[in-house]
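Dear colleague,

I am passing on the structure we spoke about, and below it I have set out what was found. Please read the notes with the sequence and the coordinates open beside them.

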Amino acid sequence: MGCSLRLSAWAAAGGFPPSPSDWRGRRRLHRAPLARRRCSAGAPSSTPLAAPPSLVASRPRAGTEHEWLWDCRGGGIGGGGRRDYSKEMEVAVRVVQAACTLCQRVQDSLLVPYSGSGSVHCKLDRSPVTVADWGVQAIVSWLLSDCFQDEHVSIVAEEDDQTLSSSNGAALLDSVVAAVNGCLIEAPKYGLRSPEKELGAHDILQAIRKCSSTGGPKGRFWVLDPVDGTLGFVRGDQYAIALALIEDGEVVLGVLGCPNYPMKRSGSTTTNDITGCGQAWMQPLVHDFGKLNWRNSREIHVSTVSDPVSATFCEPVEKANSSHSFTAGLAHSVGLRKQPLRVYSMVKYAAIARGDAEIFMKFAKAGYKEKIWDHAAGVVIIQEAGGVITDAGGRPLDFSRGVFLEGLDRGIIACSGALLHHRITGAVDASWNSSTL
Ligand SMILES: Nc1ncnc2c1ncn2[C@@H]1O[C@H](COP(=O)(O)OS(=O)(=O)O)[C@@H](OP(=O)(O)O)[C@H]1O
Ligand SMILES: [Mg+2]
């Protein structure tokens, strides 16, 4: 399912990174161009930004032997009586692979000041958005519709077309059109069809608009977060492309593309030897000179660590998105010793599924409503890899009630096993009333 990994030259030489700071994307943006960007939300806060010139200069080019790209995919296809989702899974992996390429190109262009696709824009809620968000949404929408022509394809996704359709949006729309066509022309590399002729602005706006389903308890719909962790993306750091399929309110498959998540050496995966309850895999991302090859898939499992002393917990980077002080209190009370691993996006979910961390916690401010696209793909991948994920009251996350995770009790807790999960939910109950959330 889906996390895809970019192996830097450093990781190729040294194996899996030993410390949280090493999880940061290998591409750093220079401070000056970022500071001039319009969106304050895109500006760095705690993350060191200025790239040592050596890092930027020595970043491996796509296609060199140093650059292996990986993704993991998982899916709820093991359940009894369920239908076969292999076609949907295959299409979803191919589509996310294509989307990863678009994102990598746009993230690279963010390194180039004032380049067309390299600018960061602001949404009404002041969160950042780039050509990649609209570009991915357009190609995923177009490709899914093309692959399932005899079905009505329904998609719930994060972006709308308002900014692009506005009178100020023409230049931006041109950049999206160029990025989308540049990616779709390579669709055959992923076993997908390219459009017969280049898509025009109208086609692309239509594809973006098509993702306007609002989900619900019945029927089938895809859920897309085109660039999850946009803040990480614009900072040259971690992000994920997240695609899931929901049927009658249940997530039945998910794919996460995580192009900047470094690969660990295959030898170190031998510690993760428990049998998951389903199936989750990771596989190489196709780089510029490659072709999708299914034989490279590997099954993934959660970690076997159940002692809090040895466990690693991860959480959002921004304290505005999850209370760091509350999770620090929980960590202390259950005996977690390690520093939290703060990583942008659903890469955190991939990390739990792959056994790189044992716990994920998110406690948003009161009143914030979690969206289904921020969790659907990651949740099913964790479950299929053998992990447990619920709200803080121990109930499954409910994807059947529209675009929000309605009824979510306090926060989200994912663990590699039931024992750790039980301890954390117990600690939440013990400390909730005295918290200020
Ligand atoms: N106030 C608030 N509280 C909680 N969550 C929020 C909030 N605002 C936004 N979001 C959603 O969080 C998504 C980013 O999650 P991350 O785990 O990447 O957060 S962080 O950037 O590492 O802090 C982010 O997803 P993207 O917009 O796709 O990046 C948002 O959907
Ligand atoms: Mg998101």
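In the counts by class that follow, Ala, Val, Leu, Ile, Met, Phe, Trp, Tyr, Cys and Pro are taken as nonpolar, Asp, Glu, Lys and Arg as charged, and the others, Gly among them, as polar. Please also keep in mind that this is a predicted model.

On that basis, the shell around ligand 1 has seven nonpolar, five polar and seven charged residues. There are 19 residues surrounding ligand 1, and the closest are Gly229, Pro316, Val317, Glu318 and Ala364. Strand 6 and helix 9 are the elements that give two or more residues to this shell. The chain is divided into domain 1 (5-299) and domain 2 (308-434), and each of the two domains supplies at least three residues to the shell around ligand 1.

The contact between the domains comes next. Here 47 residues of domain 1 are in contact with 32 residues of domain 2. On the domain 1 side, the elements that give two or more residues include strand 2 (69-75), strand 6 (220-228), helix 9 (230-234) and strand 8 (250-257), and strand 8 gives the most, with six residues. By class, that side of domain 1 has 25 nonpolar, 17 polar and five charged residues.

Turning to the annotation, the unreviewed UniProt entry lists Glu158, Asp225, Asp228 and Asp374 under "binding site". Although these positions are spread over 217 residues of sequence, they cluster in space, with a largest C-alpha distance of 9.3 Å.

Two of the listed residues can be described in more detail. Asp228 lies in strand 6, and it counts as buried because 28 other C-beta atoms lie within 10 Å, where 20 or more are required. Leaving aside residues up to four places away in sequence, Asp228 touches Tyr239, Ala240, Ala242, Ser345, Met346 and Asp374. Asp374, for its part, is found in the loop between strand 13 (359-362) and helix 12 (376-384). Asp374 is likewise buried, since 23 other C-beta atoms lie within 10 Å. With the same exclusion of residues up to four places away in sequence, Asp374 touches Asp225 and Asp228, both of which are also listed in the UniProt entry under "binding site".

With best regards

Key
Residues numbered from 1 in each chain as written. Chains lettered and ligands numbered in written order. Predicted model: local features only at pLDDT ≥ 70, side-chain atom pairs only at ≥ 80, totals over all residues. Domains from an automatic or database assignment. Contact = placed C-beta atoms within 7 Å. Helix = DSSP H or I, 4+ residues; strand = E, 2+ residues; numbered from the N terminus. UniProt positions renumbered as here; feature names shortened; annotations may be inferred. Buried ≥ 20, exposed ≤ 12 C-beta atoms within 10 Å, placed from the backbone. Near = placed C-beta within 6 Å.
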